[in-house]
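Me: Please take a close look at one part of this chain. I would like to start with the aromatic rings, then move to the strands around them.

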Amino acid sequence: MATDARLTLITRPGCHLCEDAKAALDRVVAVTGDRWVEWDVTDDVELEREYGDRLPVVLLDGKEHGYWRVEEDRLLRDLTTPQL
């Protein structure tokens with residue numbers, strides 16, 4: 001599941017929080033110019049085991065950034081702050 005997107009949203013169909021998270025990520029990337037990809041847990045048993053009970057999950061650069069709700073201000077800060 002390699003990608004050049006810095007943000008990954010792990011979801012499942014019919015998840016209303018996932019729909020909210022998609023809208024939040026769209027707002028964030030409209031500011032930063034980044035892009036995001038979606039991974040559906042129903043397509044991957046390992047993703048379901050790891051994240052299935054706390055969807056949606058946001059990954060930033062492959063690391064878990066948050067779940068259930070997107071903290072837009074924190075995500076914006078973390079996307080735009082240079083890493084030391």
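Reply: This is a predicted model. The count of aromatic pairs comes to 1. Tyr67 and Trp68 make up the pair: their ring centres are 4.8 Å apart and their planes meet at 75°, so the arrangement is edge-to-face. That label applies because the angle is over 60 degrees. Tyr67 is partly exposed, at 37% relative accessible area. Trp68 is also partly exposed, at 44%.

Tyr67 has a further contact. The charged end of Arg54 sits over the Tyr67 ring, 5.5 Å from its centre.

Now the strands. Strand 4 covers residues 63-67 and pairs with strand 3 in the antiparallel sense, over 4 bridges. Strands 3 and 4 form a hairpin, with 2 residues between them. Asp61 lies in that turn and has a positive phi of about 55°.

Strand 3 has another partner. Strand 1, residues 7-11, runs antiparallel to strand 3 and is joined to it by 4 bridges. Here Thr8 stands opposite Leu59.

What covers the faces of strand 3? In a regular strand, side chains alternate between the two faces of the sheet. Strand 3 spans residues 57-60, and both of its faces are covered. Val57 and Leu59 are buried on one side. Val58 and Leu60 are buried on the other. Buried here means under 20% relative accessible area. Tyr67, at 37%, is partly exposed.

Methods
Residues are numbered from 1 along each chain as its sequence is written. This is a predicted model: local features need pLDDT of at least 70, side-chain atom pairs count only at pLDDT 80 or more; totals for chains, interfaces and linings use all residues. Side-chain values use heavy atoms; hydrogens and water are left out. Buried means under 20% relative accessible area, exposed over 50%, partly exposed in between (1.4 Å probe, protein chains only). Two strands pair if DSSP finds at least two bridges between them. Rings of Phe, Tyr and Trp (its six-membered ring) pair if their centres lie within 6.5 Å; planes under 30 degrees apart count as stacked, over 60 as edge-to-face and the rest as tilted. A charge sits over a ring if NZ of Lys or CZ of Arg is within 6 Å of the ring centre and within 35 degrees of the ring normal.
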